[in-house]
Amino acid sequence: MRFRFLACCIVMVCMALSIQHSEAQEYPVRPYVDANQLNVPWGWHSFYKQPWRAYMETRSGYNFLQGIGVNYNLPANDELAVRSIAQAGIKAVRFQIGWGSVNWNETAFIQDTAIRNILQLFKKYNLRPTILLNAYQGVPCPMQTLSRTITKSAPKNSRSITLDSVTGIVPKYTGLSNLTGYTAAEVFIIGINTATHVCQLSRPLPIAIAANKQVALNTLKYRPLYPSGNSNFNTTVGGWNKYALLVCSTLKSCGIVDFDLEVWNEITFGSAFLNINNYFSPGTVNFPKADFLHSGGHLWQLAAHTISAVKAKYPSVRMIWGFSNTTFFHTAIEDLPNSADGQSYHPYGVGTRSFPAQEQSPAMNVEGYTPSMDVRIPEGWAQEFHQTESLLRLINPADRLRHPKGTAHFYHYMTEHGVSPKECNITDPAKAWDLKTKVALRAYIFWLHKGMDMLGYYDAFDSSEIGFGLLPSTFLSKPVSVTFDQIATPPLRAIQNLTNAFAQSVAIANPNQLAVDVTALGDQSQIFAGDSSHPPLWSREVCTVLPFQVSANKYIVALYTMTFDITAPAEEASYRFAVTGCGQQPNDVQLYDPLTDTSIPIPVTSVNSDGATVELSISNTPRLLIITL
C-alpha cells in the first residue's frame, strides 16, 4: 500500500509539473542562429541586431583555457603574483618590455635581472607570454639624462634657450623633456652656439621657462620615425629591430620557447615617437601620401621590417600587428605585412554610455530608432552594432580564414579588455569587485568562444580596489607564503571556478558541432521597450548560447542573458534548450554556476540518442550546462 500511495504521489506531482509548464507561454527563438544578424551596412549601426547570433560553433575547451590571459603589471612581489595568477587558471600573460628599458650600449636591459626573474616565473608556472614591443614617448628608446639650468628667461614660443652648459648636448638627439607632459626630448635642440650657450630649438617653446630654472634633457639613441626610406628611418628601424631580437634572445635564454611579440600598443596616446613632426614645427618633414598603416607608410614598414628580422632568426615566434588595437579596420588583414601571424584589439567600452545622447551618426541608424538607456556591457561595445565597428565583422568563421601572404593560420588577440568601476559610476569596493567578477566571466567566455585566441584581462594589479586590477589592492605587502585562498578576490575565485569546470579539456582539432533549439518560457522581460513604430528588444533575443567540447565524452554549453546594463539587478529567465549533435546519449546533465560555485538542479531533463533537452533558468552571468556522455 505504501508503494502504491508513493507512486500515486509521484504521478500527481509529474502531472502538476506538466500542467504548470503547459500553461506557461512559450516563445521560440527561431532561427536562433541567423546570418542576417551580421548584416548591417558599413558605417551604419543598430540597437536591434545581435551580430554574435550570426553564427554558432562548438569550440575547443582546451583552446578556451589556453586563451585566458591577463596583463601583467606588478611592480614587485612577482613570485606570489605569478603563482596566484596561474592558480586562478590563467594561462597567458601580456607583458611590456619597452625599447626604453634597453641600456645605452644595447647589450642588455637596464633592469635585466628583474625582467629575467619575471620571465623565468612565467616559464615556471607555464604561462605563455605575449611581449609588447613599444616605444612610449616618455622613454622611447635607449637614452641618457642631463640636467641644465636656464640662464635667461625664455618666453613661450621662443625658438631658442640659453643654458649654463652645453657639454654633452648632441644636436638633433638631445631635447628638453616633460615640458607639457611625459615626453622625452619633447623639443629638440638643433643648433648650439658654444660661445654664448644659446641653443636653437626644433619648434617654438610650448611653455615659458624662467631664468635660473633647472630643466631636464634627454639624449635619445635614435631619432623619432621619419618617412619610410629616409636614412634616419632606416637607422631607427635598425635599432628597433636590434631591440626586438634582444627580447627574443632573452626569452629563449629563460627557457621560453612559445611566445608572441605584439608590435605596438595604442597609437591614440604615448605615440609621439612614431612621427618626427611631433618634435618639430608642423611640415618640417614631408611624409609621402601613402597611408601610414598601409604598404609604403612608415608604420607599416616598421612592422614589416620587424616581422622579417624576427622571423629570419626565430621563425616560430608569433608576430602580432598591434596597430589594430584602436584601429580595428584601418588595414585589411590581407594587406598586413607578409608573415604577420595575427592582430590585436582593445575594445573596452564597458563604462557607462548614455543613449540617445552618445549615439554616433543618428542618421545612419538602420531601424531609425534609438532607445533611451544607459549601457554597461561586459563584452564591451565591439560585440554589438551600437556603433559600426563590431568585431564580429572580423572574427566570424568566414572572415577568420583571411590572412596575409606567408601566413597559414591567422590569430586574433584581445590584448586588453577590462573595466574601470568608476566609469560605471561605482565607487563602493564591494560593488567594484562584483562588477569586475561579472565582466571577467562574460568577457572571457564570450570572446574566446566567438573567435579570439587570447584575451588579456586588463589588468593584474591596481592600487585601488575601484581600479582595473584583479589582485587585491594590498597585494604588494603580502608575504610570498600566503595561499591563493587567503588573497583571492571575487574575480580571481570566479575565474578559478570557470577554469576548473574546463579542467578535463584535451586538445581536439575538430570538435563535434552541437545544435541548440532555444525556447523562452513564461513571463518575458525587455532590454528596451521600443515605441509605437518599433518593437521591444526582448531579453530572449540576447539569450547567449556558447558550446564547447571538452573531451570525447564531455561538452560544456555556457548560457546567459547578455543584458545591456551589468550593474542592474540580475533577473532569472526560464528556457528550454534542446541540445543535439553529441553523437550519443548523455549519461549525465548538470548545471554549474561559476559565479557562486554551485550546482543548480535542473527541474526537467530528457535525453535522447544524440543529446538532451533541459528546462532551466539563466541569469546575466554564464552558467555552464555540463553534458557527459
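# Cavities, pockets and cores

The largest cavity has a volume of about 50 Å³. The model is predicted. Three cavities of 30 Å³ or more are found in the structure. The lining of the largest cavity consists of Trp99, Ala135, Leu225, Thr236, Trp240, Trp264, Phe273, Leu274 and Leu302. By class, eight of these lining residues are nonpolar, one is polar and none is charged.

Take Ala135 from that lining. Ala135 sits in the loop between E5 and strand E6 (143–149). Its relative accessible area is 1%, so Ala135 is buried. Beyond its neighbours within four places in sequence, Ala135 contacts Trp99, Pro140, Trp240, Trp264, Gly270 and Phe273. Ile97 is 38 residues away from Ala135 in sequence, and the two C-alpha atoms are 9.5 Å apart in space.

Leu302 also lines the largest cavity. Leu302 is one of the buried residues of H6. Helix H6 covers residues 298–313, and its 16 residues should span 22 Å at 1.5 Å a residue; the end C-alpha atoms are 23 Å apart, which agrees. What do the buried residues of H6 pack against? Their partners are E5, helix H5 (231–253), strand E12 (260–263) and strand E13 (318–321).

Now the pockets. The largest pocket has a volume of about 1,100 Å³. Its lining holds 43 residues, and Asn63, Gln66, Arg318, Tyr411 and Asp453 lie nearest the centre. Several elements each supply at least two lining residues: strand E2 (59–60), helix H2 (61–66), helix H4 (112–124), strand E5 (128–133) and strand E17 (411–417). H2 gives the largest share, four residues. By class, the lining of the largest pocket has 20 nonpolar, 12 polar and 11 charged residues.

The second largest pocket has a volume of about 820 Å³. It is lined by 29 residues, and Tyr72, Phe95, Gln96, Ile97 and Gly98 are the closest to its centre. Strand E4 (92–96) and H4 each contribute at least two residues to this lining. H4 also supplies at least two residues to the lining of the largest pocket. In the second largest pocket, 16 lining residues are nonpolar, nine are polar and four are charged.

Tyr72 is in contact with Ile85, as are Val70, Ile90, Leu127 and Ala460, leaving aside neighbours of Ile85 within four places in sequence. Ile85 belongs to helix H3 (residues 78–87). Its relative accessibility is 3%, so Ile85 counts as buried. Asn36 is 49 residues from Ile85 in sequence, and their C-alpha atoms are 40 Å apart in space.

Next comes the nonpolar packing. The largest nonpolar core has 174 residues, and Phe577 and Leu625 touch the most other members. Helix H8 (residues 429–450) gives the most to this core, with 11 residues. Which residues surround Phe577, leaving aside its neighbours within four places in sequence? Its contacts are Val516, Asp517, Val518, Cys543, Val545, Leu559, Ala612, Thr613, Val614, Leu616 and Ile618. A second core is separate and has 17 residues, among them Val166, Ile169, Leu176 and Ile209.

Thr489 is in the loop between helix H9 (484–487) and H10. With a relative accessibility of 5%, Thr489 counts as buried. Not counting residues up to four places away in sequence, Thr489 touches Trp433, Leu470, Leu471 and Pro472.

Helix H10 (residues 490–501) has 12 residues. From its first C-alpha to its last, H10 reaches 17 Å, close to the 16 Å expected at 1.5 Å a residue. Why is H10 described as largely enclosed by the rest of the structure? The reason is that nine of its 12 residues are buried. These buried residues are Pro491, Leu492, Ala494, Ile495, Gln496, Asn497, Leu498, Thr499 and Ala501.

Key: Residues numbered from 1 in each chain as written. Predicted model: local features only at pLDDT ≥ 70, side-chain atom pairs only at ≥ 80, totals over all residues. Heavy atoms only, no water. Core = buried A, V, L, I, M, F, W, Y, C linked by side-chain atoms within 4.5 Å. Buried < 20%, exposed > 50% of the residue type's maximum accessible area, 1.4 Å probe, protein only. Contact = heavy atoms within 4.5 Å. 1 Å grid on protein atoms, 1.4 Å probe; cavity = no way out; pocket = protein on both sides within 12 Å on 5 of 7 lines; lining within 4 Å. Points joined across faces, edges and corners; volume = space filled by probe spheres on them. Nonpolar A, V, L, I, M, F, W, Y, C, P; charged D, E, K, R; others polar. Expected span 1.5 Å × (residues − 1).
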